[in-house]
Amino acid sequence: MLDLFTIFTKGGIVLWCFRSTQQFFAPPVNALIKSVILQERSGVYDHDGLSLQYKLDNEFELVFVVAFQKILQLAYVDKFLSDVHLEFRDKYKNELALDGRTYGQLDFSADFQRILERAEKWGRQQATIPKAMRSYEDSAKSKKTVASMIERRGGEEKQQPGGKKSVKIVEKKEEDGSAPRIGTVPGSPIAGSSGPEESDLIRENRKKFAEKMAGKGKKVEKQKSPKSPGQQKAGKQMRVWDLGGNTKDLPNLDRSKDRPEDVRSDFSPNDQIIGSMKGGIRDLDVESDTDDDDDDYSEDEDVEEMERDNGKKQSSGRGGGGMFSMFRGLVGSKNLSRDDMQPALDKLRDHLIAKNVATDIAQQLCESVAVKLEGRVIGTFDTIAATVKTTLTEALVQILSPKRRIDILRDCLEAKRAGRPFVMSFCGVNGVGKSTNLAKICFWLIENNLSVLIAACDTFRAGAVEQLRTHMRHLNALHPPERHGGRSMVQLYEKGYGKDAAGIAMEAIRHAHDSGIDVVLIDTAGRMQDNEPLMRALAKLIKVNEPDLVLFVGEALVGNEAVDQLVKFNQALADYSSSDRPHIIDGIVLTKFDTIDDKVGAAISMTYITGQPIVFVGTGQTYTDLKALNAKAVVNALMK
């Protein structure tokens, strides 16, 4: 049932290979290496109908890869990979341990067939075993008691003899200013001996309770003065709005067309920002991480000793000292095992989630770190804390680094030389800042002497066209036609509301081509990822107009929602495009980055899910608040 099983070194030397078909497996294995192993991802990788899984041996630097048909559901693959890994390294550990090793013919076929038969038999047995529902005693909720959920003043109360507990309550202060009295709830079971003082206290509480209940029935009713016959309650008058209007006022209220008085712009251009964004986008400022590292490792004496019973679990230390303070007691051993790293990985996962990384992504990152470090030989004086932090930092920087060249200015100039406009489309959910960041990108383009046509394809949201028209006036005021040889740098193509967005985009691209405009920016309506009709309309717009770049605009405030948005947007563009090679998301615009402090986990989640780079980062509300992502800055903030 397996199509391929191969064992090769990290240097690319194939040690042993099994193939059940004559299919050429080099492309899927190379894709696995490029997209999964080098990116330090984990899980099952699908490629052209095949599912591929891998396992690393960091001690001998080996890679074990298995491939099978995607339609098959093989439950024994994980166990089979582990068994083959152990059997192979135990059999050839002497050959693998040689420094100047030269690999000859390794006869592993008989052992492989034996392990495969055993794994298939185990899988068939597991399929026949019915899945048992987890009992209440096995759940974490069963470990909680009523006593553990009661908050007490002054710490934990001692348990009374007989196994029962009396719940204490604090009475209100007496009117004479005396101290509050502590007593038991009337009617509750009293455990232990009840002395004369407790009996008097109970009697006094009962007396006060009886007086309180008796006082409720003595309310004095207020006498109402009889109404005079002439004093009648007036009915509610209908409100008359000052600007209510009627159907006759509709022409005056229609603002979809410019009027002579609207053409005059009250915007006063700020000459200081003109020319500040020529060339490429500036990177985010990088904070120095030297002080952070010193703080992380300056309080080793605050960590308590490891538990003596197993020597592998870390006892909790003081609260301060950074996220890696609890790892410092884990002294490096000869070979790292998963049990050695587990306390560090658990703390690492909680820290990533606290930094707004999606839960599933944090778990997968910790799993990739464990896979990369398991079996690695570290020095005697290297701690697990330093090893885990270094490995995670390298993995995060690699995730955020672009896998392909992103140079929009160069692409725009190439399209201009080819005699066509460069087209960018913006999509995303509602309220993330698509129109605002489109205007920032437009300002950056006209700063580099590129004319822009904005296609108003948001024909649903009220005021969307007017918002773009206002941005157009402000941008033209910053770069008036007089500075560019009489050429208007920013134009708006709009057809009002309720029209087909794909048709408007097509007409805008044709108009830009005929008018010699360099760049077309398509603004689309915000839509939720679960709204199928709107997602079909977006897929139609992209399929019909074939933009050069499709940018997903997402805000940096989201956590787990970022994964759901990107996965469903990509899936909708692929499902509804009716094309063999659908055009999915090419890049990400991360907005509202100035509102999250150091909780930058959304950048990791979005990039990890799509594998696409973050092209722009919005850091404010002015035209110059547009930056390029600096992987080092984001990772530095994430590891604080």
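Here are some questions and answers on how features of this predicted model get their labels.

The model is predicted, so local features need pLDDT of at least 70 and side-chain atom pairs count only at pLDDT 80 or more, while totals for chains, interfaces and linings use all residues. Residues are numbered from 1 along each chain as its sequence is written, and side-chain values use heavy atoms, with hydrogens and water left out.

Q: How many disulfides are there, and what makes a disulfide here?
A: A pair of cysteine sulfur atoms has to lie within 2.5 Å. By that rule the count is zero.

Q: Why is Cys 412 called buried, and what is Cys 17 called?
A: Buried means under 20% relative accessible area, exposed means over 50%, and partly exposed is in between (1.4 Å probe, protein chains only). Cys 412 comes in at 0%, so it is buried. Cys 17 has 41%, so it goes down as partly exposed.

Q: What is the span of helix 2, and how does that sit with the expected value?
A: Helices are DSSP runs of H or I with at least four residues, strands are runs of E with at least two, and both are numbered from the N terminus. Helix 2 takes in residues 77-91, which is 15 residues. The expected span is 1.5 Å times one less than the number of residues. That gives 21 Å for helix 2, and the first-to-last C-alpha reach is 21 Å, close to expectation.

Q: Which residues of helix 2 are buried, and what covers them?
A: The buried ones are Val 77, Phe 80, Leu 81, Asp 83, Val 84, His 85, Phe 88 and Arg 89. An α-helix has 3.6 residues a turn, so residues three or four places apart point the same way. The cover includes strand 1 (2-9), strand 2 (14-19), strand 4 (50-57) and strand 5 (62-69), along with helix 3 (93-97) and helix 4 (109-128).

Q: What makes Glu 61 stand out, and where is it?
A: Its phi is near 60°, a positive value in a residue other than glycine. Glu 61 sits in the loop between strand 4 and strand 5, and at 43% it is partly exposed.

Q: Why is Ser 425 called buried, and what does it contact?
A: Ser 425 belongs to strand 8 (residues 422-427). Its relative accessible area is 0%, so it is buried. Contact means heavy atoms within 4.5 Å. Leaving aside neighbours within four places in sequence, Ser 425 is in contact with Ile 522, Thr 524, Leu 541, Pro 547, Leu 549, Val 550 and Leu 551.

Q: How do you know that strand 9 and strand 10 pair?
A: Pairing takes at least two bridges found by DSSP between two strands. Strand 9 (residues 452-457) and strand 10 (residues 490-493) run parallel and have four bridges. One spot to look at is Val 452, which stands opposite Val 490 in strand 10.

Q: What makes a crossover right-handed?
A: With the strands pointing away from the viewer, the path from the first strand over the helix to the second has to run clockwise. Strand 12, helix 17 (residues 560-575) and strand 13 make such a right-handed unit. The chain then crosses from strand 13 through helix 18 (residues 601-610) to strand 14, again as a right-handed β-α-β crossover.

Q: Which strands are the edge strands of the eight-strand sheet?
A: The sheet is open, with the order 10-9-11-8-12-13-14-15 and mixed pairing. Strand 10 and strand 15 (626-627) are its edges, since each pairs on one side only.

Q: What makes strand 13 mostly covered?
A: Five of its five residues are buried. Gly 587, Val 589 and Thr 591 point one way, and Ile 588 and Leu 590 the other. In a regular strand the side chains alternate between the two faces of the sheet. Strand 13 pairs in the parallel sense with strand 12 over five bridges, and with strand 14 (residues 614-618) over three bridges.
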